[in-house]
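I am opening a notebook on a structure that is new to me. I will look up one thing at a time and jot down what I find.

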Amino acid sequence: MQSVLSPIDIQRVRQDFPILDQLVNGKPLVYLDNAATNQKPVSVLNALAHYYEHDNANIHRGIHTLAERATHDFELTRQKVQSFLNAQHVEEVIFTYGTTDGINLVAQTYGRKFLNEGDEIIISTLEHHSNIVPWQMLCEEKGCVLKVIPIDDNGDLLIDEYEKMLSERTKFVSVVHVSNALGTINPVKTIVDLAHRVGAVVLIDGAQASSHITLDVQALDCDFYVFSAHKLYGPTGMGVLYGKKALLDAMPPYRGGGEMIKEVTFEKTTYNELPYKFEAGTPNIADVIAVRTAIEYMESLGKENMAAYEGELLDYATAQLADVPGLRIVGQAKEKISVVSFVLDGIHHQDTGVILDQMGIAVRTGHHCTQPLMRRLGIAGTTRASFAVYNTKDEIDRLVQGIRRVQTMMA
Amino acid sequence: MTINEKQDEIIEEFDLFDDQLDKTQYIIDLGKKLPPMPEQYLTDENRIMGCQSKVWLGAEIQGDTLHFYGDAEPTAQISKGLISLLIRVLSDEKPENIAQADLYFIDRVGMGSLVTSRRAGGLASMLQRMKEYGREYAAPAQ
């Protein structure tokens with residue numbers, strides 16, 4: 001699909017991100033670490049400042065005007081996220097501190113209540129540690145069995161193998177929508193449908209997908225969907241757990257404290273309704289409010305337009321990098337977001353990252369919190385360049401020149 | 001030559017380069033000249049657990065000075081270069097001098113963040129371990 005965002009549009013977009021306009025080590029910054037976190041448009045920065053300058057108050061129970069304004073804006077974000085996800089009910093949107101927090105919430109509440117010894121939990125080889133460890137912890141506690149969907153050498157999940165794993169013992173499936181290390185877009189609709197056939201509940205980790213793919217949790221029919229705001233041009237320390245209402249209602253609370261209660265006596269406490277049952281304590285009010293602005297920013301560009309443009313960047317980068325002798329792209333899945341992982345013959349990824357940084361180019365190196373995946377691929381780590389809507393082909397050219405310089409220096 | 005004299009000598013060598021990339025190139029070239037570590041020191045015990053690259057450090061008391069052997073995995077050339085510099089400055093020095101050394105040359109060669117932060121692939125831990133060796137061997141004499 002040809003992007004409708006022209007180079008002029010992208011130059012305008014770049015002006016929305018003041019952080020991009022700086023020298024790093026004496027060179028203009030090329031920020032290609034967007035899969036770790038992307039930068040924040042000035043409207044999001046203004047929303048944060050505006051909240052603290054004008055509306056700061058604790059929410060929900062305050063009787064005064066500021067509390068009412070803060071509460072109003074806080075709940076507006078919930079509605080915005082509901083439409084962003086196309087969730088059926090607004091109370092299906094739970095605010096968390098991030099993707100990791102959301103997964104742990106589900107493992108520690110749904111998992112502890114409904115999973116039992118011998119029950120099987122399926123994850124995939126592509127998972128980030130944050131979608132491995134919470135399930136291992138649960139397995140240790142409850143005696144569940146963790147199973148892992150294998151991949152092929154391109155980084156695509158072997159769906160046939162997944163299908164064979166499914167049985168009446170499968171009670172939970174937790175799979176990443178998009179691989180952070182390789183960029184693989186998983187066939188999540190198929191994964192959900194197959195899991196539901198055996199009655200398993202499905203969580204989709206949308207950390208990497210949320211800024212690149214248009215989401216529709218009703219069409220996808222997943223039971224839970226989690227993501228982080230800081231990967232969709234929003235602030236850090238804020239995330240979302242979507243869950244189907246019936247499941248969330250059936251789950252026990254996660255953390256105890258203020259806000260999540262209906263009535264407290266020393267004898268017994270009754271819990272609040274959704275979504276507040278899962279939002280104990282004073283939440284991250286400012287960042288929640290700013291997330292609405294982040295989503296509005298993406299809407300102003302058009303998520304499809306962004307995806308099309310990022311797809312162009314991916315194609316361009318893949319073609320340019322393929323021309324570099326001694327460079328091997330790791331992860332050539334059929335469908336990818338704008339992430340390119342690669343290794344250079346005879347050169348440690350750390351050295352690549354250090355030298356690129358000295359040229360003002362920010363990439364990520366290492367195992368990307370996916371050690372089992374790296375082990376499966378037979379490598380210690382990769383160098384990863386990941387692109388957002390403000391990146392340009394010129395920046396990719398600078399990356400390629402930088403890589404060639406690394407190779408010359410190491411020769 | 002004292003530890004500080006050795007550091008000053010290194011700073012002088014690096015001052016010949018204006019560009020950080022040239023300094024890094026020099027470090028890489030030094031890494032290529034790092035003698036391979038004797039086999040008996042390439043043990044798990046001597047492996048420095050760090051962030052990204054594999055690094056080893058061995059120490060041996062020779063008379064009243066401490067001799068260091070260090071190495072990194074073959075592809076980690078910047079690490080090797082930095083190891084060679086750390087060894088050049090601290091090896092064959094009295095343990096108490098190693099323990100007390102203030103290594104100001106690292107920042108001056110533009111590698112401060114690499115040696116003192118998590119990015120260092122074990123080099124921050126390596127420097128720490130060298131100083132620990134210094135303290136350990138200096139202790140009985142006190």
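**Salt bridges.** I began with the total: 27 salt bridges over all chains. The rule asks for a side-chain nitrogen of Lys or Arg within 4 Å of a carboxyl oxygen of Asp or Glu. I picked one pair, D33(A) with R364(A), where the closest N and O atoms are 3.0 Å apart. D33(A) sits in the loop between β3 (30–31) and α2 (42–55) of chain A, and R364(A) sits in strand β16 of chain A, so the pair ties together parts 331 residues apart in sequence. Helices (H or I, at least four residues) and strands (E, at least two) are DSSP runs, numbered from the N terminus.

**Ground rules.** I noted that this is a predicted model, in which local features need pLDDT of at least 70, side-chain atom pairs count only at pLDDT 80 or more, and totals for chains, interfaces and linings use all residues. Residues are numbered from 1 along each chain as its sequence is written, chains are lettered from A and ligands numbered from 1 in the order in which they are written, and side-chain values use heavy atoms, with hydrogens and water left out.

**The sheet.** Next I traced an open sheet of seven strands in chain A, with mixed pairing and the order β4-β10-β9-β8-β7-β5-β6. Two strands pair if DSSP finds at least two bridges between them. Which strands stand at the edges? They are β4 (93–96) and β6 (145–149) of chain A; each has a single partner strand, so one side of each is left without a neighbour in the sheet. I then checked β5 (residues 120–124) of chain A, which pairs with β6(A) in the parallel sense over five bridges. There, I122(A) has K147(A) as its bridge partner in β6(A).

**Chain A against chain B.** I turned to the interface. The contact (heavy atoms within 4.5 Å) takes 17 residues from chain A and 20 residues from chain B. How many salt bridges are there between chain A and chain B? The count is zero. I did find nine residue pairs in polar contact across the interface, both residues at pLDDT 80 or more. That term means a pair of N or O atoms within 3.5 Å; within protein, one must be able to donate a hydrogen and the other to accept it, and residues adjacent in sequence count only if both atoms are side-chain atoms. On the side of chain A that touches chain B, α12 (349–358), β16 (364–366) and α14 (393–410) of chain A each give two or more residues. α12(A) gives the most, with seven residues.
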